Amino acid sequence: MYTLGLNAYHGDSSACIYRHSELLVATEEERIRRIKHWAGLPTEAVKFCLAEAGITLAEVDVIAISRDPQAKFMEKVWYTLRKGVKLRSILDRAKNSLNVGAFKKELAEAFGYQESDLKARVVYAEHHRSHLASAYFVSPFADAALLSIDGMGDFSSTMRGYTQNGKMEVIDSVSYPHSLGIFYTALTQWLGFPHYGDEYKVMGLAPYGQPTELDKVAQFIHLKDNGLFELNPRFFRHFKEGVNMDWQGGSPHVGTLYTEALCTLLGPARSPEEPLSDYHRNVATSVQRMAEKVIFHLAEDLQRKTGQKNLCLAGGVAQNSVANGKLLANTSFEKLFVPPAGHDAGTSIGAALYALHQLDNQPRAPFRHQAYTGACFSNEQIEAYLQSRGISYQRFTDEELFPHVAEALHQGAVIGWFQGRAEFGPRALGNRSIIVDPSRPDAKDLLNSKIKRRESFRPFAPSILKEAVLDYFEQDDDVPFMEKVFLIRPEKRAVIPAVTHVDGTGRLQTVEEQDNPRYYRLIKTFAEKSGVPILLNTSFNENEPIVNTPEHALECFLRTQMDLLVLENVVVSR
């Protein structure tokens, strides 16, 4: 039985295919179309998934989409009537719902079929139930508490639940217009970061300030006695006007979310061209601290209500790795699992899993870390492509390759590392990465100025051998998806300055041989030369989606100042 999971008509559109309970392949539409956070019907991702599975759309048994137009329907109607939301906003939302409702027909026509040609049963999996499923059904836990937090999906921004006998049960949710994700996005916009998905910049900026504005920021969001929260409508435009979202050309854009009242309290919004001041940094710190306070409030109350010691966390806010790294210390939970794609792209996985396990009672697959589900290429395909471009290269055996690359790293090279299946999710995890010696004091400035071309305050991540974590970090945990930030031991911060953030933390990725044997081998070989079992790892891209193919990798290499490009066993040098 084949199940096609989709995140469609939403930012970070994606697709996946399961054969029974086995995930065969998953990818995001942006990786193929090369437009960040691409929104719409992910036809290219579906084509890729079908080709990798070796089937046609007509052979799919279940199509699961992570949207449910009927979810909270009466609540939507009542809110619309009570608040007098503008007609344009209502029409936009109605049009989107109609698209979702007719998506099987649209999908069939995109692949040259009539709707009647497709035997697949359609499952509409509510947005946040898909988030919860994407975390729980791939977690190592038999039972757990469940928490999903994001901007908004199917009229909910937060959902809490638990599991019983392998089934998910929902306890409660936070409905539109109250949203921690919208709170964070509104303040991201005020800080001068206007693009969809810029929230991670605020998280990176926050350690440079102090929480001096926390009392002001706390006026925007209120913690409730029932463990939930609500926004103060004075400060957010969407209470009256709705959220102005534009998906023209597939690139998502969200209109201004904050009101003049917010600017009266905090001061004028920063323009993107304006230099960052200490005040801006302090606001960023205060926003991050307030977000953490809300997350811990939601989680601790959930723990009290469920008695569970394990927590599965998903949703866009689950990409806040700083909060994730602090969650166990600030709640009564003992273990935390965050999937590799906690954001909206992961809901394609969640919708498929919801259909398989929640509805159809299929047994869960054995637990394993699984993030490498995208495109892959053989050495022969890579060589043929380079030859077609007239590019000189060398091909190495494994025994030659790893010492050669490790030595280049030890000598200060910046290397594009491309191998295996592309990662699913927002983080490069050693298959589509730019890697550098983390002991280089100049590595951050070099990468930011000559390759990444991004803000200097944004940190770079350490990929560390799992067995060496306690030697370098003050906490020990499995962090295979770069989903948590931990404190680096004070005596080690000068050893790895390139991956030590200003507050002494690092967003680590633990690497085990069973999960990624080639990346593990590279780090271990580098450690034998340098004494440091860590590599600086940043995504292989330059203000674009992470590279997906050898062509993308080569083009990025040629227009930047990387020293070496490694494509499987094929090496291109300057």
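**A walk through a predicted protein model**

The model is predicted, so local features need pLDDT of at least 70 and side-chain atom pairs count only at pLDDT 80 or more, while totals for chains, interfaces and linings use all residues. Residues are numbered from 1 along each chain as its sequence is written, and side-chain values use heavy atoms, with hydrogens and water left out.

Where does histidine 37 lie? You will find histidine 37 in the loop between helix H1 (29–33) and H2. Helices (H or I, at least four residues) and strands (E, at least two) are DSSP runs, numbered from the N terminus. If we leave aside its neighbours within four places in sequence, histidine 37 is in contact (heavy atoms within 4.5 Å) with Gly11, Asp12, Glu30, Tyr196, Gly197, Gly250 and Pro252.

Now follow the chain into helix H2 (residues 43–53), which lies across E1, E2 and E3 and runs at about 150 degrees to E3. For such angles, axes are lines fitted to C-alpha atoms, for helices over the stretch in contact, and angles run from 0 to 180 degrees between N-to-C directions. These strands belong to an open sheet of five strands, ordered E3-E2-E1-E4-E5, with mixed pairing. Strand E3 (22–28) and strand E5 (121–124) are the edge strands, and each pairs on one side only. Two strands pair if DSSP finds at least two bridges between them. On average, neighbouring strands of this sheet are turned by 15 degrees against each other, direction ignored. Inside the sheet, strand E1 (residues 2–7) and strand E2 (residues 14–19) pair in the antiparallel sense over six bridges, and leucine 4 stands opposite isoleucine 17 in E2.

Another open sheet has five strands in the order E8-E7-E6-E13-E14, again with mixed pairing. Strand E8 (167–175) and strand E14 (335–337) stand at its edges with a single partner strand each, so one side of each has no neighbour in the sheet. From one strand to the next, the twist averages 20 degrees. Here strand E6 (residues 145–153) and strand E13 (residues 310–314) pair in the parallel sense over four bridges, with serine 148 opposite alanine 314 in E13.

Next comes helix H7 (residues 180–190). Eleven of its eleven residues are buried, so H7 is largely enclosed by the rest of the structure. Buried means under 20% relative accessible area, exposed over 50%, and partly exposed in between (1.4 Å probe, protein chains only). Among the buried residues of H7 are Phe183, Tyr184 and Trp190. At the start of H7, a side-chain oxygen of serine 179 reaches to within 3.2 Å of the backbone nitrogen of glycine 181. Just after H7, glycine 192 takes a positive phi of about 95 degrees.

Finally, step back to see the whole protein. Its secondary structure comes to 20 helices and 23 strands. Of its 574 residues, 61% count as buried. The C-alpha atoms fill a box of roughly 70 × 60 × 45 Å, taken along the principal axes.

How values were computed
Polar contact = N/O pair within 3.5 Å; in protein donor to acceptor, adjacent residues only side chain to side chain.
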